[in-house]
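Hi everyone, thanks for coming. Have the sequence and the 3D view open, and let's walk through a few spots together.

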Amino acid sequence: MSKLQDKMFQEIKNRNIFEQSQQYAFEYLENIFDRNVYPTEDAISDLSNFDEDLPAESTKAENVLNQLHVYGNEATTATLGGRYFGFVCGSVVPVGLAAKQLGTFWDQSPALHVLSPIGSKLEAVVEKWFIDLFNLPKQTSAGFVSGTSAANLCGLAAARYRILKKNNWDINEKGLRNAPEIRVVTGKHAHSTVLKAVSVLGLGKENIEWVDVDNQGRIIPESIPELDENTILILQAGNVNSGAFDNFDVICKKANKADSWIHIDGAFGLWAGAVDELKYLTKGIEKASSWAVDGHKTLNTPYDSGIVLCADKEAITSALHMTGSYIIESTERDGMFFTPEMSRRARVIELWSIMKYLGKNGIDEMILTMHKRAQQFSNEISQIPGFYVENDVVFNQVVVRCDSDELTDIVLSNIQMLRECWLGGSVWFGKKVMRVSVCSWATTENDISRSVKSFEKALALVKI
Ligand SMILES: *Cc1c(COP(=O)(O)O)cnc(C)c1O
């Protein structure tokens, strides 16, 4: 045995490093709900501590962990807490952290059933839970990917495969050169990851037929061009600014008649379909062909976790298929046929754990609470002179502005500087706005009121 091997066996035997990291982790978790939401300037400049050449000699494991703890910890953003409203992030349901820790030690790759029977089993179970929860077609298959960026790519790859196949064109063999034309129709507010998928797949952003949207960012159904069987229609559950939903029921009926492929980007919004009081927003989604949704946003799983759902199993498995003489296919679920990757971590472990822990009613309650906190934010901020809510708060997003673009910019940077909460900006129908995304299980009424006070203070600072 080499000296290094011996050292590594010792790390496992004496457990010190695992106890050390566990202690750091607990300390982090306990403090995260009250800590400054964004790192201080000092914490960020102290990151220069990491600027070093790769050491020639081995570093003591204890020191490796200590460096992360001392300099890394403080330079994290408190996305786990209740007052991080930036982008659309989401916290983590505690059991998900615990399950992820256990799963980390298992270090499973559910590419094939033989590689990880437990990973394969949990993926098969969660696939079924998704079908039931969102009332999707029974034959729908799920691929467990890193997020909605990947899920959009996979869903649209399946669409491309199917449309060309109907035209007697095998994209896998023939590629795109001289291929029959595929039309792409989507709303002017489609998410940038949808556009990225369109470019990566060689469909070309210039070829997109853009559909006008209303003042919430929803596709105007009457503005959709004539659809046909060579069209991919991309809809949205949850506009990234306003949280608005396309009118799936009406639009999908029309697209089904034309035999178009419908893909729904439901990164955070698809989850409205799991809430009794909100599922009117996703009415009709079952008429689509593919769906993309995140675990790591609304459901509050740890990073990274996205799911591509596809009603056309042959299309998605053909689009992502690969073979090799050493591949051992089984009659059980082999996860890699539903994802772009071969090896990937068994992120389904946390996903399963959180869904099992919450149950249907817990998922409903958690997400409805996010909606209520977003409404609370909207109500409280509207009462403060100088702030205006620009959207209908149908789900978890609130779009806020001040009296001018310039003022909105300054107030936003003051809010960020105060670090009581954190959020980013955007442009909404030509105006600078602040985006509040409520998507943490940990956000309480008090968190909202504290954050609204911070907005008020940020505006008052400008007037001094
Ligand atoms: C976040 C988001 C995406 C991208 O998802 P990732 O998980 O970050 O890859 C796509 N569409 C919408 C509407 C989103 O909100």
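I'll start with a lysine, move to the histidine beside it, then turn to a pair of helices and one asparagine. Please keep in mind that this is a predicted model.

So, which residue carries an annotation in UniProt? That's Lys297: an unreviewed UniProt entry places the feature "modified residue: N6-(pyridoxal phosphate)lysine" there. To find Lys297 on your screen, look at the loop between strand S6, residues 290-294, and strand S7, residues 306-310.

Is Lys297 buried or exposed? Its relative accessibility is 15%. The cut-off for buried is under 20%, so Lys297 counts as buried. And what does Lys297 touch, once we leave aside its neighbours within four places in sequence? Its contacts are Val88, Cys89 and Gly90, then Ala267 and Phe268, and finally Cys439.

Now for the histidine. His296 also lies in the loop between S6 and S7, and with a relative accessible area of 10% it is buried. Two polar partners deserve a look here. The side chain of His296 makes a polar contact of 3.2 Å with the side chain of Asp294. A polar atom of the His296 side chain also lies 3.0 Å from the backbone nitrogen of Ser305.

If we again skip neighbours within four places in sequence, the contacts of His296 include Cys89 and Gly90, and both of those are on the list for Lys297 too.

Let's go to the helices. How do H5 and H12 meet? Helix H5 covers residues 94-106 and helix H12 covers residues 348-382; their axes come within 8 Å and cross at roughly 145 degrees. The crossing is right-handed. On the H5 side, the residues that meet H12 are Val95, Gly96, Ala99, Lys100, Gly103 and Trp106. H12 brings Ile349, Glu350, Ser353, Ile354 and Tyr357. Sorted by type, this contact has six nonpolar residues, three polar and two charged.

One last stop: Asn247. You'll find Asn247 in the loop between strand S4, residues 231-236, and helix H10, residues 248-257. With 36% relative accessibility, Asn247 counts as partly exposed.

How values were computed: Residues are numbered from 1 along each chain as its sequence is written. This is a predicted model: local features need pLDDT of at least 70, side-chain atom pairs count only at pLDDT 80 or more; totals for chains, interfaces and linings use all residues. Side-chain values use heavy atoms; hydrogens and water are left out. Axes are lines fitted to C-alpha atoms, for helices over the stretch in contact, and angles run from 0 to 180 degrees between N-to-C directions. Helices (H or I, at least four residues) and strands (E, at least two) are DSSP runs, numbered from the N terminus. A crossing is left-handed if the near helix is turned anticlockwise from the far one by less than a right angle, and right-handed if clockwise. Contact means heavy atoms within 4.5 Å. Ala, Val, Leu, Ile, Met, Phe, Trp, Tyr, Cys and Pro count as nonpolar, Asp, Glu, Lys and Arg as charged, and the others, Gly among them, as polar. UniProt positions are given in the numbering used here, feature names are shortened, and annotations may be inferred rather than shown by experiment. Buried means under 20% relative accessible area, exposed over 50%, partly exposed in between (1.4 Å probe, protein chains only). A polar contact is a pair of N or O atoms within 3.5 Å; within protein, one must be able to donate a hydrogen and the other to accept it, and residues adjacent in sequence count only if both atoms are side-chain atoms.
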